[in-house]
Amino acid sequence: MGRRREGSQNNDLNIKSHSKLKSFFKYIISFTLIGTLITVPTLMYVDNFIYKISQSSINSNPIRTSNEEEIGNALNITLEDGITDLQISYNNKYYTYLKDSKIYINDLETGENINIIEEEYPICYYNLLYDKNMIMYFVEYEGRYASTLTLNTYEIDTERQAEYNSFTVYNFSKIKDMSMSPIVNMIYINVETKTQYSSNNIIYKIDLFNNMNQVKSGLIIDKMYMLQHKDKIYYEDTRYNIYSGGYYTLNLFKEDVTMIGLDEDDNLYFLTEDTKNKVYVVKDNEIINTIELSDSDIVDTYTNYKGVYLIYPTYILKVSGDDPYKRIGKLSKYVTFEAVKGDTMYLRTKDNKLISTELLKN
């Protein structure tokens with residue numbers, strides 16, 4: 001009887017210990033789940049909040065931390081739905097976009113609309129120049145078999161408008177790209193034509209004296225850059241062939257590269273297509289520098305004809321200039337990169353707000 005009682009007591013103790021241990025683990029699991037449910041959204045909110053208040057521009061009231069340290073200013077601009085081709089002026093004064101075949105010009109400080117460029121026929125393409133507050137745009141008159149495209153200019157500060165060249169394009173689809181030099185007064189445009197069975201790209205050369213000629217046809221052209229100090233065009237087809245001028249192929253590289261930009265000294269930049277771990281700098285059709293990259297997770301590239309930038313998930317690298325490894329800004333998953341103008345970087349939030357931040361100094 002004594003042994004049975006002792007065994008029964010031990011069994012009761014084991015059951016109680018097991019029950020306590022089970023309760024303990026339930027407590028730990030519940031605590032962990034509650035902590036996770038509270039912590040993750042909180043961290044996401046804090047991260048988003050900190051990122052938003054750390055942005056800066058030159059035009060609005062400064063946001064300060066609890067110890068009165070100024071950490072920047074925030075634009076108060078919510079972008080409309082349905083806009084395309086958002087552009088920022090070189091002097092950080094205006095932002096423009098295309099909507100319903102009209103060009104909207106807005107004040108970058110207040111977000112208020114200043115003017116709307118509207119023509120009798122739809123505006124199919126525009127570009128805000130990188131060095132002055134002038135807009136160049138094309139109006140399309142669509143015929144049965146061909147479209148007539150007319151080049152116009154509009155000066156934002158003076159509201160002066162001018163009409164220049166008109167030309168006819170059969171089977172016109174769209175203008176894919178425009179590259180121009182205000183220094184030599186020359187424009188190149190890449191026009192897409194399309195039929196039921198095929199598509200083609202045509203590069204036209206236009207000067208502001210209404211002279212025009214066709215430079216290239218028969219390729220699908222992805223990118224195009226005109227040098228700023230001389231009349232010379234570089235373009236790239238879908239097979240990563242690089243052309244210098246009309247027909248000359250630039251055979252400098254042992255691997256596929258893609259053009260990523262042009263700096264103010266007319267240096268062209270090329271990124272290795274497959275590995276994305278190397279940038280070549282080309283001047284006068286010769287490689288003058290090779291930049292080895294430590295990170296290859298590049299999500300995009302950007303050029304403003306002043307500098308060339310690599311966009312990574314968490315930072316922006318200015319690959320042109322004296323220090324090709326200089327990080328000029330931070331990124332977050334809550335924003336997308338828009339532009340760099342002067343010392344200011346522009347970003348767009350997921351809720352479609354335009355924000356800005358000063359470039360990092362170090």
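Is aspartate 100 buried or exposed? Select aspartate 100: it is exposed, with a relative accessible area of 57%, where buried means under 20% relative accessible area, exposed over 50% and partly exposed in between (1.4 Å probe, protein chains only).

Before going on, note that this is a predicted model, in which local features need pLDDT of at least 70, side-chain atom pairs count only at pLDDT 80 or more, and totals for chains, interfaces and linings use all residues. Residues are numbered from 1 along each chain as its sequence is written, and side-chain values use heavy atoms, with hydrogens and water left out.

**Two positive phi angles**

Stay on aspartate 100, which sits in the loop between β5 (94–99) and β6 (102–107). Strands (E, at least two residues) and helices (H or I, at least four) are DSSP runs, numbered from the N terminus. Aspartate 100 is not a glycine, yet its phi is positive, at about 55°.

Next select lysine 276, in the loop between β21 (268–272) and β22. Its phi is also positive, near 50°, in a residue other than glycine. Lysine 276 counts as partly exposed, at 24% relative accessibility.

**The largest pocket**

Now select Asp85, Gln87, Tyr302, Thr303 and Glu338. Of the 41 residues that line the largest pocket, these are the closest to its centre. The volume of this pocket is about 1200 Å³. A pocket here is an open set of points on a 1 Å grid over the protein atoms alone, where a 1.4 Å probe fits, with protein on both sides within 12 Å along at least five of seven lines; lining residues have an atom within 4 Å of a point. Grid points are joined across faces, edges and corners, and a volume is the space filled by probe spheres set on the points.

β28 gives the most, with six residues. The lining divides into 24 nonpolar, nine polar and eight charged residues; Ala, Val, Leu, Ile, Met, Phe, Trp, Tyr, Cys and Pro count as nonpolar, Asp, Glu, Lys and Arg as charged, and the others, Gly among them, as polar.

**The second largest pocket**

Move to Glu264, Lys306, Gly307, Tyr309 and Lys318, which lie nearest the centre of the second largest pocket, out of 30 residues that line it. Two or more lining residues come from each of β23 (286–292), β27 (326–330) and β28. Here β23 gives the most, with three residues. The space in this pocket is about 520 Å³. By class, its lining has 13 nonpolar, seven polar and 10 charged residues.

**Aromatic rings**

There are 13 aromatic pairs, counted where ring centres of Phe, Tyr and Trp (its six-membered ring) lie within 6.5 Å, with planes under 30 degrees apart stacked, over 60 edge-to-face and the rest tilted. Select tyrosine 225 and tyrosine 305, an edge-to-face pair at 6.3 Å centre to centre and 70° between the planes. Tyrosine 225 is in strand β16 and tyrosine 305 in the loop between β24 and β25 (308–311), 80 residues apart. Both tyrosine 225 and tyrosine 305 are buried.

Then show Tyr95, Tyr97 and Tyr104, which ring pairs link into a cluster.

Two charges sit over rings, a term used if NZ of Lys or CZ of Arg is within 6 Å of the ring centre and within 35 degrees of the ring normal. Lysine 216 lies over the face of tyrosine 243, 5.4 Å from the ring centre. Arginine 327 is over the face of tyrosine 315, at 3.5 Å.

**Salt bridges**

The structure holds 10 salt bridges, each a side-chain nitrogen of Lys or Arg within 4 Å of a carboxyl oxygen of Asp or Glu. Select lysine 230 and aspartate 284, whose side chains meet in one of them (3.7 Å, N to O). This pair links distant parts of the chain, 54 residues apart: lysine 230 is in the loop between β16 and β17 (233–237), aspartate 284 in the loop between β22 (278–283) and β23. Lysine 230 is partly exposed at 40%, whereas aspartate 284 counts as exposed at 52%.

End at arginine 160, which forms a salt bridge with glutamate 155, the closest N and O atoms being 2.8 Å apart. Arginine 160 is exposed, at 54% relative accessibility.
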